[in-house]
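Subject: Structure for your review

Dear colleague,

Please find below the structure that I am handing over to you.

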Amino acid sequence: MADVADSGRQRSRIAPYLMILPAMVYLAVFFVVPFVSLARTSLSTTSGSIFLPTLTFSWDFANYSEVFGKYQDQILRSFGYAATATVLCMLLSFPLAYVIAFKAGRFKNLILGLVILPFFVTFLIRTIAWKTILADDGWLVDALDAIGLLPAEGRLLSTSWAVIGGLTYNWIIFMILPLYVSLEKIEPRLIEAARDLYSSNARSFTKVILPLSMPGLLAGSLLVFIPAAGDFINAEYLGSTQTTMIGNVIQQQFLVVKDYPAAAALSMVLMGIILAGVLLYTTTLGTEELV
């Protein structure tokens with residue numbers, strides 16, 4: 001009996017490791033190995049022709065200083081666009097998520113479905129659709145020009161705001177859903193109690209709703225900011241040479257110039273900055289409530 005009990009305890013200790021083994025193997029094959037390869041490429045030098053480049057690992061840290069100095073504007077622009085889009089997503093998503101959580105009633109699932117429906121269309125098609133909407137000969141420019149909201153020779157396409165608008169639209173779903181989940185968890189009686197204590201709507205929002213919805217707000221911020229910082233589709237189709245983001249540079253270096261060390265170094269710099277931001281978030285704000 002003792003042997004059977006010991007065997008059972010041993011199996012119970014091993015079981016958790018066996019359960020996570022497939023996930024660990026997946027991460028090792030599809031994350032760790034490519035990451036090591038990318039890091040190795042970023043420290044290499046190239047030789048040969050552009051059509052058949054040869055990589056030589058040489059611990060060339062100059063790749064990092066060179067690309068950071070050369071593409072500093074694109075790096076700063078990428079994070080500036082991503083931060084602006086994140087703030088816009090917050091401002092647009094909070095009222096919508098609040099209405100769905102507290103005011104939609106039996107239409108809640110219908111509104112959620114309508115919110116999610118456009119995102120069944122591929123990312124690229126949605127961006128090209130915005131290019132059509134913002135085109136110089138499009139109806140939106142004509143309408144804004146007719147009511148005097150667009151300056152003479154003004155345009156919407158190929159501007160910074162077009163890129164930021166595209167980022168906001170394409171990633172807003174990742175702000176709406178976490179916010180909705182957090183707001184739905186709030187007990188309505190807490191809001192009623194605040195009003196019974198003669199709290200104004202604004203004070204109820206700042207003292208009850210906003211603090212309790214903060215986990216969704218913080219999670220949504222990360223889910224929007226991280227992919228937006230590395231995006232290149234919106235800048236490619238909605239922007240110009242003056243709105244190039246770091247993702248565009250990485251794509252060009254990999255696929256056109258074929259300067260693989262520079263592209264890999266830029267990718268590592270981008271990942272490093274994002275990782276530092278996430279670590280700063282986790283140490284200062286914590287993640288215990290993001291569940």
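This is a predicted model: local features need pLDDT of at least 70, side-chain atom pairs count only at pLDDT 80 or more; totals for chains, interfaces and linings use all residues.

**Nonpolar cores**

The largest nonpolar core comprises 45 residues, and those touching the most other members are Leu167, Leu183, Ile246 and Leu266. Several helices give two or more residues to this core, among them H3 (72-103), H7 (160-171), H10 (201-229) and H13 (260-284). The greatest contribution comes from H3, which supplies ten residues.

Leaving aside residues up to four places away in sequence, Leu167 touches Tyr81, Ala85, Ala228, Asp231, Asn234 and Met245.

**Helix H3**

H3 is made up of 32 residues, and the distance from its first C-alpha to its last is 46 Å, close to the 46 Å expected at 1.5 Å a residue. After H3 comes Gly105, which has a positive phi, near 60°.

**Salt bridges**

How many salt bridges does the structure hold? There are three.

In one of them, the side chains of Glu184 and Lys108 meet at 3.4 Å, N to O. Glu184 belongs to helix H8 and Lys108 to helix H4, so that this pair links distant parts of the chain, 76 residues apart. Are its two partners buried or exposed? Glu184 counts as partly exposed because its relative accessibility is 40%, whereas Lys108 counts as buried because its relative accessibility is 19%.

The side chains of Arg155 and Asp136 form another salt bridge, at 2.8 Å, N to O. Arg155 lies in the loop between helix H6 (139-146) and H7, and Asp136 in the loop between helix H5 (123-133) and H6, so the pair ties together parts that are 19 residues apart in sequence. Arg155 is partly exposed, with a relative accessible area of 40%, and Asp136 also counts as partly exposed, at 40% relative accessibility.

Glu187 and Arg189 make a further salt bridge through their side chains, at 3.2 Å, N to O. Here Glu187 counts as partly exposed, at 35% relative accessibility, while Arg189 is exposed, with a relative accessible area of 58%.

Two residues may be inspected individually. Lys108, in helix H4, touches Ile100, Ala101, Tyr180 and Glu184, not counting residues up to four places away in sequence. Lys108 is classed as buried because its relative accessibility of 19% falls under the 20% cut-off.

Ser213 is located in helix H10. Its relative accessible area is 0%, and Ser213 is therefore buried. Which residues does Ser213 touch, not counting residues up to four places away in sequence? They are Phe94, Leu179, Ser182, Leu183 and Ile186. Ser213 and Leu183 are 30 residues apart along the chain, and their C-alpha atoms are separated by 5.5 Å. Leu183 is also one of the residues that touch the most other members of the largest nonpolar core.

Yours sincerely,

A colleague

Technical notes: Residues are numbered from 1 along each chain as its sequence is written. Side-chain values use heavy atoms; hydrogens and water are left out. A nonpolar core is a set of buried Ala, Val, Leu, Ile, Met, Phe, Trp, Tyr and Cys residues joined through side-chain atoms within 4.5 Å. Buried means under 20% relative accessible area, exposed over 50%, partly exposed in between (1.4 Å probe, protein chains only). Helices (H or I, at least four residues) and strands (E, at least two) are DSSP runs, numbered from the N terminus. Contact means heavy atoms within 4.5 Å. The expected span of a helix is 1.5 Å times one less than its number of residues. A salt bridge is a side-chain nitrogen of Lys or Arg within 4 Å of a carboxyl oxygen of Asp or Glu.
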